[in-house]
Amino acid sequence: MSSPIITVENLGKCYSLRTPSARSGLLRDSLGSLLRNPLQALRGPAPGAPGANEDFWAVRGLSFTVQPGEVVGIIGRNGAGKSTLLKMLSRITDPSAGRITLRGRVASLLEVGTGFHPDLSGRENIFLNGAILGMTRGEIRRRLDEIVAFAEVEKFLDTPVKRYSSGMYVRLAFAVAAHLDPEILIIDEVLAVGDAAFQRKCLAKLQSATRDEGRTILFVSHNLASVRQLCSRALVLQSGQLVADAAPAEAIAHYMSLLPRGREGGAYRHIAGDGRARITTLRLNAPGGTEPLYAIFEPIRFEMEFEVKPDAGALEFFLLIYGEDGECLASSFQRDTGDFLRPAGANGKISVSFKNPFLPGRYLVSAGIFDRSRQFLDWIEFAEGFQVESGFVDGRAFDSRLGRVSILPEWSA
Amino acid sequence: MPPPPIDTTEAPPLILEAGRASRNYWRDLWRYRDLLAFLTWRDLVVRYKQTMVGVAWALLQPLLTMAVFVVFGGLLGVPTDGVPRPVMVFAALLPWQFFSAALSACSGSLVNSSNLISKVYFPRLIVPLSAILVSLVDFLVSAVFLAALMLWYGLAPDWRILALPLYTLLAFACALGAGLWLTALMVRYRDFRIVLPFILQFGTYVSPVAFNSNLVPEKWFLLYSLNPMVSVIDGFRWSLLRGSQSLNPVGLAMSTALAVLLLWSGTAYFRKTERSFADVI
């Protein structure tokens, strides 16, 4: 076996929350503390003094290796240290401890369209963005046609990108990044943008990049389905530490077991969307208790409250239901059975109900809003959870049948 | 198709560690030269796309400043040593405007590019460098205007003009040196945003833009020459106006030394702090 392309040893990143100047960023405060207590300012805070342990380790004691050609997913809750890890791997910020050894050219894609300028044309932005991502002028020129074709923006190549639809913008931005030629590609969450067809195209492009070109990819995502589909291995981070390093299915199951339900510190985890509309509350109809309990075929009703800005246009709500292993078992879109919602004011309510088809177990619910062209306005992940008890709604006991869902068929003879 | 083997032994591995400076810093900077060109080009293109008057902005500001200095200089009877006042003033405004525009663009450059800095790696020195290059383009536009002005007055420079690029380089070094200090400090201490206009305004008065260095009394001359732009401006007048302004070798040596010191210390401070920019910006 060849030597690992990425070696991470005992890696740590510490942010200091201590000095007031680091918080307020004003010279006044730094000078002030220097004048008030010059000796201490020079020596640093006395051990045990208030504030001495306000160092925050975003990543700590992390070690792993990656072999060439591997696609490694990194999952973890917000604040688990995923982004900090990627920033250290892509040289944006320095480690505070430990060491990273990279044996290959690295390109990182932490944001789609970094450096895009709205007043420049598509063509101009391709060159600019390519250069920012580390391509030379010659490389970009050689791949220009490919990039344009991939983004499907041939006709608008000389239009300023501020006139692009958000979908075109994202496609163009991703197309540039997808045509980078590094040995190691670091990607953060970027597949959460764009329409479904384009997402599939991106996934296919990434898969061919690893399969045919032997590239190594590190991939952070909240989208567990794409981790499952794309990765050969997944790392789970929690509070800056590695808690699992396994095949995707196993790692995802571990991750799911770590998840608390509902709101975190009073806020949902919004994993996509541009803020034009937001779900503020997601409620289940079952009264009381930490986790609602339903029988099989019992009616479930979700109620969502939302706020919306005037420019959001028509809304389409969706609901995703996950099993405890992180696999999405069902998805429902408002347009399956209804029409768009055109909100009358800045707030609104919508509800959705169905007869619970799930067999006994625990389930998680994500919900979100699309705009008319299926761009995400919001997506709250695992905002609610519920359990299904071992019985049918008509009182019969559950009979350990196979499968994950039940249906209400009509038998005839 | 089997994946082509990747030869991982070919290039030396890149090692990232706390406090370890990149060994290939200057080579990296060279590798990213296209980015420098693109960022400069972006700023120019965007400015001219967004403004109505476009290129004229590079001229309008020095022109109006020149008008003010010419009118008040005339009213106050500031001597010009036989050079037409507009030429005398503009020959000084040209490097001064370049310096002040370059310094202020350079100082704000990192904070204004915070979105890039927190999302992509590249040698950070590119950002202030490209800001200065944009000012250099404006400088060239103004230089064309000065040439026209001199042609109008029938003034032709002599062999001394060959020294002009060197004085421009000196101004460039001063602006970059001071700019590197300020832009790195501004990432951490936003107060410098307020300090900068004051420095620049003060500089306009203590630099020989509206007047001639000959007016400065002997006993103040050393103190006066601590401002490195004095030598640059005197040098511009010397090389453009057939030596109508005398050269002061002591002042020039001091300015050059100061510029080198600024550039060296600015680069050192910048490099020392650059690895934490993404954390504090």
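The model is predicted, so local features need pLDDT of at least 70 and side-chain atom pairs count only at pLDDT 80 or more, while totals for chains, interfaces and linings use all residues. Residues are numbered from 1 along each chain as its sequence is written, chains are lettered from A in the order in which they are written, and side-chain values use heavy atoms, with hydrogens and water left out.

- Chain A is assigned domain 1 (58–258) and domain 2 (270–397), with bounds that come from an automatic or database domain assignment.
- The centres of domain 1 and domain 2 of chain A, taken over C-alpha atoms, sit 29 Å apart.
- Contact here means heavy atoms within 4.5 Å, and 13 residues of domain 1 of chain A are in contact with 13 residues of domain 2 of chain A.
- Putting these two domains of chain A together buries about 1000 Å², with 54% of that from carbon and sulfur atoms; buried area is the accessible area (1.4 Å probe) that two parts lose on being put together, summed over both.
- What is the count of salt bridges between domain 1 and domain 2 of chain A? It's zero, where a salt bridge is a side-chain nitrogen of Lys or Arg within 4 Å of a carboxyl oxygen of Asp or Glu.

**Salt bridges elsewhere**

- Searching the whole structure turns up 23 salt bridges over all chains.
- One of them pairs A:Glu139 with A:Arg105, the closest N and O atoms being 3.8 Å apart.
- A:Glu139 lies in helix 6 (residues 137–151) of chain A and A:Arg105 in the loop between strand 4 (97–102) and strand 5 (106–109), so this pair ties together parts that are 34 residues apart in sequence. (Helices, H or I of at least four residues, and strands, E of at least two, are DSSP runs, numbered from the N terminus.)
- A:Arg137 and B:Asp34 also form a salt bridge, at 3.2 Å from N to O.
- That pair crosses between chains, linking helix 6 of chain A to helix 2 (residues 33–50) of chain B.
- Is B:Asp34 buried or exposed? B:Asp34 counts as buried at 12% relative accessibility, whereas A:Arg137 is partly exposed at 34%; buried means under 20% relative accessible area, exposed over 50%, and partly exposed in between (1.4 Å probe, protein chains only).

- A:Glu303 and A:Arg301 make a salt bridge with N and O atoms 3.0 Å apart.
- Salt bridges with shared partners join A:Arg283, A:Arg301, A:Glu303 and A:Glu305 into one network.
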